[in-house]
Amino acid sequence: MRKTIIAGNWKMNKTKSESIAFAKDLKNKIDKIEKTDVIVCPGFVSLCSVSEILKETRANVGAQNMHWEPSGAYTGEVSAEMIESCGCQYVLVGHSERRQYFDETDDKVNNKIKRALTTCCISPILCVGETLEQREAGKTNKVIEKQIKQGLEGLSHAQMQRIIVAYEPVWAIGTGVTATPEQAQEVHGFIRKTITMIFDEQIAEKLSILYGGSVKPSNISELLHQKDIDGGLIGGASLKLDSFVEMIEIAEQLSN
Ligand code: PGA
């Protein structure tokens, strides 16, 4: 059985004190959660404090980015070891905003994933997704297949067990337009098939595939009902404690 994962991507929001306040409140609200894995991805400056507050709770912390080199003269960059030293257990890689604004190519994504896997405990969350133009041109599967194949190139079966994939159609991110559960399921099923082809069925069946793109309390349940959707990567609706907790509780009820 795959675990349900509810992950919040705070993007470039919340100062350190706002992040600390959120984490303290979250801690109190999730003490009855037993089956759902919770992840929050704050900005770099808040990673250590938020990890400290959330340790020994159901929630883990993820970074939103990292560099693929272990260390060196890369001014302004943050390494896998650095985020690990702050208590991070996850890192987002290949988010569409990084692909779009920061030239994050599939090659860089692959290098980042391989670097993250040299640490003891960081699981990369590989984000993939097509633009509206690509969808309308009927290229969705081709785009996703390339992002998956190149992003995961050279990984061993053992390394794959640490990977999470998030399908986030670019046209659904921050737009209020969500993929229908059927549209999302179709791509999630395709991702699982692709993983079966590259690795094997056992790995594919174990892989958690999250959906992202305008997920909110009113639509999360129908998305989680789809057989290949194992959780959500949530931006806007994860910034407010009430809606984030509501989505965690919905996921928890569905796991029962
Ligand atoms: P959104 O963002 O929920 O605000 O659409 C999701 C994401 O970018 O991870």
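The second largest pocket of this predicted model holds about 400 Å³ of space. Its lining is made up of 16 residues, and M1, R2, K3, T4 and S255 sit closest to the centre. Helix α12, spanning residues 241–255, is the top contributor here, giving three residues to the lining. Sorted by class, the lining of this second pocket comes out at five nonpolar, five polar and six charged residues.

Moving on to the largest pocket, its volume is about 680 Å³. A set of 27 residues lines the largest pocket, with F44, Q64, N65, R98 and F102 nearest its centre. Two elements, α4 (96–101) and α5 (106–116), each supply two or more residues to that lining. Of the elements, α4 gives the most, with three residues.

K11 reaches the ligand through its side chain, where an N or O atom is 2.7 Å from a ligand oxygen. G235 uses its backbone instead, placing an N or O atom 2.8 Å from an oxygen atom of the ligand. For G236, a backbone N or O atom likewise lies 2.8 Å from a ligand oxygen. The protein buries 95% of the 280 Å² that the ligand exposes when taken alone.

Notes. Residues numbered from 1 in each chain as written. Predicted model: local features only at pLDDT ≥ 70, side-chain atom pairs only at ≥ 80, totals over all residues. Heavy atoms only, no water. Polar contact = N/O pair within 3.5 Å; in protein donor to acceptor, adjacent residues only side chain to side chain. Areas by Shrake-Rupley, 256 points an atom, 1.4 Å probe, with all protein chains shown as cover. 1 Å grid on protein atoms, 1.4 Å probe; cavity = no way out; pocket = protein on both sides within 12 Å on 5 of 7 lines; lining within 4 Å. Points joined across faces, edges and corners; volume = space filled by probe spheres on them. Helix = DSSP H or I, 4+ residues; strand = E, 2+ residues; numbered from the N terminus. Nonpolar A, V, L, I, M, F, W, Y, C, P; charged D, E, K, R; others polar.
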